Amino acid sequence: MSSDARLTLITRPGCHLCEDAKAALDRVVAVTGDKWVEKDVTGDVELERDYGDRLPVVLLDGKEHGYWRVEEDRLLRDLTTPQL
């Protein structure tokens, strides 16, 4: 995984919500200039156990930001608000 990507999308092949989430993340990063990476749960027992029933899952800076649908406005706000 790229160390400069703030966003991670946890997915699985054939997941239609995952495809929607990828498009949403592309729209968000087009505005912010951030990067995102994808992690597939297939073959990863730990990821499957943690996220398998809630895919897709968006992680921001390694912490769960949301699942099933990307809340684009909230994600944009959280990416652009300075951290204290």
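Guide: Let's start with a term: a nonpolar core is a set of buried Ala, Val, Leu, Ile, Met, Phe, Trp, Tyr and Cys residues joined through side-chain atoms within 4.5 Å. Buried here means under 20% relative accessible area. Keep in mind that this is a predicted model.

Visitor: Which element gives the most to the largest nonpolar core?

Guide: That core has 12 residues in all, including L7, A21, V58 and L79. Two or more residues come from each of β1 (7–11), α1 (16–32), β3 and α3. With five residues, the top contributor is α1.

Visitor: And how many residues are in the other core, the one with I10 and L47?

Guide: This core lies apart from the largest one, and Y51 and V57 are also among its members. Its residue count is 10.

Visitor: Which residues does A24 touch, not counting those up to four places away in sequence?

Guide: A24 belongs to the largest core, and V70 is in that core as well. Leaving out residues up to four places away in sequence, the contacts of A24 are V70 and E72.

Visitor: On to the backbone. What is omega for the cis peptide bond between L55 and P56?

Guide: P56 sits in the loop between α2 (45–51) and β3 (57–60). The bond joining L55 to P56 is cis, with omega at about -5°.

Visitor: Is D61 buried, partly exposed or exposed?

Guide: D61 is in the loop between β3 and β4 (63–67), and has a positive phi of about 55° despite not being a glycine. Its relative accessible area is 44%, so D61 counts as partly exposed.

How values were computed. Residues numbered from 1 in each chain as written. Predicted model: local features only at pLDDT ≥ 70, side-chain atom pairs only at ≥ 80, totals over all residues. Heavy atoms only, no water. Helix = DSSP H or I, 4+ residues; strand = E, 2+ residues; numbered from the N terminus. Buried < 20%, exposed > 50% of the residue type's maximum accessible area, 1.4 Å probe, protein only. Contact = heavy atoms within 4.5 Å.
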